[in-house]
Amino acid sequence: MTDRRRVLQAGLVCTALLALPACSSETAEPPESPPVPDPEQADELALITAYDQALTTAGVRSEATLRVIRDEHVAHLRALGWEQPLANTTTSAQRVGRKALQNAEREAARSRARAATNAEDSERAQILALIAASEAQHVVSLERP
Amino acid sequence: MSMQAALDGEYAIMYAYGVAGARLAAQRDVALTLLEEHRASRDQLRQWLLADGDQPGPPAPAYTLPTTVTADTAARDLLADLELRLIPLYTQLVADFADDQPRQRWAVRQIRACALRAQFWGAAGQAFPWPEELPTPV
């Protein structure tokens with residue numbers, strides 16, 4: 001074996017040895033996948049997005065009401081255990097009217113009440129029941145000018 | 001025990017509807033309808049207590065209201081306040097009825113009904129409808 005071949009082989013072995021820890025470290029620590037919201041959290045996130053959308057075109061009189069309700073949904077989301085920051089996903093193309101918000105709130109209140117009776121623990125059932133009541137109040141608040 | 005507490009709450013608010021209803025300048029018909037809802041809740045609680053082998057306690061001979069009701073605004077404020085005060089009692093029942101879905105569903109509906117009646121009488125919407133004087137459970 002020539003000296004050159006020996007050096008090349010040694011280099012390959014070294015490269016392989018150096019590569020191993022790098023490979024094993026990559027498999028040991030895969031990149032973190034983003035958290036997936038549960039159905040209740042996903043619903044609250046969708047409602048917050050709908051209010052953000054509605055606020056982009058709201059008049060002065062509506063804005064205060066919409067903002068209060070939007071913030072209450074943020075409180076619901078946090079109470080349901082979602083700790084991630086909220087991304088602003090509004091698009092200027094889509095208009096969201098009060099009627100659509102009312103329908104969404106009505107459905108959310110029903111869904112939260114159902115979830116309360118299917119909750120895995122009593123504390124979550126209580127939180128979901130209170131959120132359902134709050135969302136039923138939103139339907140009425142949105143009827144007011 | 002907490003069913004009896006809810007029943008006591010229903011007795012108290014029925015008394016308050018009687019006092020406040022007489023001071024309302026308008027919407028007495030609505031007050032009467034809402035009073036009927038409370039009578040139905042009272043009857044349901046009494047029925048379940050009996051079904052569970054407990055004797056439902058009677059209403060108190062008299063109640064001291066938290067505020068003096070002399071006019072329409074005070075009457076509305078009182079009813080809004082007392083509706084919210086029922087919510088912690090029904091929230092407790094949601095936990096107590098964890099193993100009985102029909103009863104738990106009823107307790108969930110009661111919370112919603114109290115929150116909506118409170119709002120009707122002038123209470124502001126809340127993220128977690130609850131009386132102001134108590135710490136929120138969330």
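Biologist: What do Arg42(B) and Asp43(B) form?
Modeller: Arg42(B) and Asp43(B) form a salt bridge, with 3.0 Å between the closest N and O atoms. A salt bridge here is a side-chain nitrogen of Lys or Arg within 4 Å of a carboxyl oxygen of Asp or Glu. This is a predicted model, in which local features need pLDDT of at least 70, side-chain atom pairs count only at pLDDT 80 or more, and totals for chains, interfaces and linings use all residues; side-chain values use heavy atoms, leaving out hydrogens and water. Residues are numbered from 1 along each chain as its sequence is written, while chains are lettered from A and ligands numbered from 1 in the order in which they are written.

Biologist: Why does Asp43(B) count as partly exposed?
Modeller: Because Asp43(B) has a relative accessible area of 39%. Under 20% is buried, over 50% is exposed, and partly exposed lies in between (1.4 Å probe, protein chains only).

Biologist: Which residues in chain A are linked in a network of salt bridges?
Modeller: Asp43(A), Glu44(A), Arg112(A) and Glu135(A) make up that network. Within it, the side chains of Arg112(A) and Glu135(A) meet at 3.4 Å, N to O. This pair joins distant parts of the chain, 23 residues apart, with Arg112(A) in helix H4 and Glu135(A) in helix H5 of chain A. Helices are DSSP runs (H or I, at least four residues), as are strands (E, at least two), numbered from the N terminus.

Biologist: Are Arg112(A) and Glu135(A) buried or exposed?
Modeller: Both Arg112(A) and Glu135(A) are buried. Another salt bridge pairs Glu107(A) with Arg114(A) at 3.6 Å, N to O. Glu107(A) is partly exposed at 37% relative accessible area, and Arg114(A) is partly exposed at 47%.

Biologist: Changing topic: where is His38(B)?
Modeller: His38(B) sits in helix H2 of chain B, residues 28-51. His38(B) counts as buried because its relative accessible area is 0%.

Biologist: What does His38(B) touch?
Modeller: Leaving aside residues up to four places away in sequence, His38(B) touches Glu10(B), Ile13(B), Met14(B), Tyr17(B), Glu83(B), Leu86(B) and Arg117(B). A contact is heavy atoms within 4.5 Å.

Biologist: Now the interface. How many residues does each chain put into the contact?
Modeller: Chain A gives 22 residues and chain B gives 24 residues. About 1900 Å² is buried between chain A and chain B, with 65% from carbon and sulfur atoms. That area is the accessible area (1.4 Å probe) lost by the two parts on being put together, summed over both.

Biologist: Which three residues supply more than any other three on chain A?
Modeller: Thr117(A), Leu130(A) and Gln137(A), with 36% of the area that chain A buries against chain B.

Biologist: Which helix gives the largest share of the side of chain A that touches chain B?
Modeller: H5(A), with 13 residues. The residues on that side are 12 nonpolar, 8 polar and 2 charged.

Biologist: And chain A overall, how many helices and strands?
Modeller: Chain A has 5 helices and 0 strands. Buried residues are 34% of its 145 residues. For contacts in chain A with a separation of 6 or more, 74% are between residues 24 or more positions apart.

Note on methods
Nonpolar A, V, L, I, M, F, W, Y, C, P; charged D, E, K, R; others polar.
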